[in-house]
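Thanks for coming, everyone. Let me put the structure up, and then we'll walk through it together.

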Amino acid sequence: MESILEVRNLRKDFKDFSLKNISFSLDKGFIMGFIGPNGAGKSTTIKLIMNLLRKNEGEIKIFGLDHIKYERQIKERIGFVYDQNYFYEELTLSEMIKIIAPLYKNWNNSIYQRYMKEFQLPLKKKIKELSKGMKMKLSLIIALSHQAELLIMDEPTSGLDPLIRRELLQILLDLMQDENKGVFFSTHITSDLDKIADYIVLLENGEVLLNTTKEDILENYVIIKGDKKNLNKKMQSAFIGIKENSFGFEGLVKKKDNIQQRLEGNIVMEKPDLEDIMYYFTGRDLNV
Ligand SMILES: Nc1ncnc2c1ncn2[C@@H]1O[C@H](COP(=O)(O)OP(=O)(O)OP(=O)(O)O)[C@@H](O)[C@H]1O
């Protein structure tokens, strides 16, 4: 399969934080979810991919091309969806689109019109007057209208209401009907990824903790719940993550480690979702 986005041994050093040895690869036709707690380094990674920050080490290829050497050609073909304002603050939305549209060879006006209507953005409002969710919608409309082959999205759903969020997820799934496209998507709302992601990269403290398919996660990990008295220290250490309360314990294990068979007493087993995976792998509460 052909890789649409490839990151190899990426390093970025800030004064108090380093991204270390980040590697992952997204093939055409798939959606990759990029998750991790606050401050894990997700936005930094995305800014490095977009060449908005200078990397210290490593290699980034988009469509098989070096992301700096071929930056102009690459940016013609990608859509960057985010809520910050790199736009023209004082212009109205329609004035801005008049400037942006001719910059893209593949701009499709009927796609633009369709989503403008669907997302109900106020054409006469100045960019600086748009809400966070409106800005997110706008950058999504721009990405879709120039028919980007790769969408790179930094927490695209965080400012959107549930209806539009659902709509966005459907748009992404529809986009994936075209096997030449790809989506790279950072988020805290892991339930969105439960619905649409094919691959998951979990980052913590600047390092990749997990890089696998969603299928692998759902098939090969299990949550075990049971009575505390059936749990000794040795068993405890076999868990990827575990929490205890006055009633019992609950933890995540790899199915193949067969811990469930070594535990005495009654246990309950459940399929984890991505929030469980993040919680137990990072050992933190993720409702942020
Ligand atoms: N320009 C910068 N200079 C110095 N440190 C920075 C800079 N940008 C980010 N950092 C630090 O890098 C670390 C990772 O930040 P980053 O924004 O990439 O995390 P994140 O995973 O996107 O977090 P969140 O989920 O909260 O958005 C943080 O400790 C942050 O303070």
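Let's start with the ligand. Keep in mind that this is a predicted model. Which residues are around the ligand? Here is the list: Phe14, Phe17, Pro37, Asn38, Gly39, Ala40, Gly41, Lys42, Ser43, Thr44, Glu155 and His188.

Now look at single atoms. Take asparagine 38. An N or O atom of the asparagine 38 side chain sits 2.8 Å from a ligand oxygen. Glycine 41 uses its backbone instead: an N or O atom there is 2.9 Å from an oxygen of the ligand. Serine 43 also brings in a backbone N or O atom, at 2.8 Å from a ligand oxygen.

Zoom out, please. How is the chain divided? Domain 1 runs over 3–214, and domain 2 over 217–282. Their centres, taken over C-alpha atoms, are 35 Å apart.

Next, the interface. Domain 1 puts 14 residues in contact with ten residues of domain 2. The size of an interface is often given as the accessible area lost when the parts come together. Between domain 1 and domain 2, about 1100 Å² is buried. Carbon and sulfur atoms give 74% of that area. Which residues of domain 1 lose the most area to domain 2? They are Thr190, Leu210 and Lys214, together 41% of what the domain 1 side buries.

What about polar pairs? Four residue pairs are in polar contact between domain 1 and domain 2, counting pairs with both residues at pLDDT 80 or more. Salt bridges across this interface number zero.

Stay on the domain 1 side. Helix 7 (190–196), strand 9 (199–204) and strand 10 (207–213) each give two or more residues to the side touching domain 2. Strand 10 gives the most, with four residues. By type, the residues on that side are seven nonpolar, four polar and three charged.

Last topic: charge pairs. Side chains of opposite charge can pair when their charged atoms come close. How many salt bridges does the structure hold? The count is 13. One of them joins glutamate 71 and lysine 75. Their closest N and O atoms are 2.7 Å apart. Where do these two lie? Both are in helix 2, residues 71–77. They are four residues apart, about one turn of the helix.

That's the tour. I'm happy to go back to any view.

How values were computed:
Residues are numbered from 1 along each chain as its sequence is written. This is a predicted model: local features need pLDDT of at least 70, side-chain atom pairs count only at pLDDT 80 or more; totals for chains, interfaces and linings use all residues. Side-chain values use heavy atoms; hydrogens and water are left out. Domain bounds come from an automatic or database domain assignment. Contact means heavy atoms within 4.5 Å. Buried area is the accessible area (1.4 Å probe) that two parts lose on being put together, summed over both. A salt bridge is a side-chain nitrogen of Lys or Arg within 4 Å of a carboxyl oxygen of Asp or Glu. A polar contact is a pair of N or O atoms within 3.5 Å; within protein, one must be able to donate a hydrogen and the other to accept it, and residues adjacent in sequence count only if both atoms are side-chain atoms. Ala, Val, Leu, Ile, Met, Phe, Trp, Tyr, Cys and Pro count as nonpolar, Asp, Glu, Lys and Arg as charged, and the others, Gly among them, as polar. A residue is near a molecule or strand if one of its heavy atoms lies within 4 Å of it.
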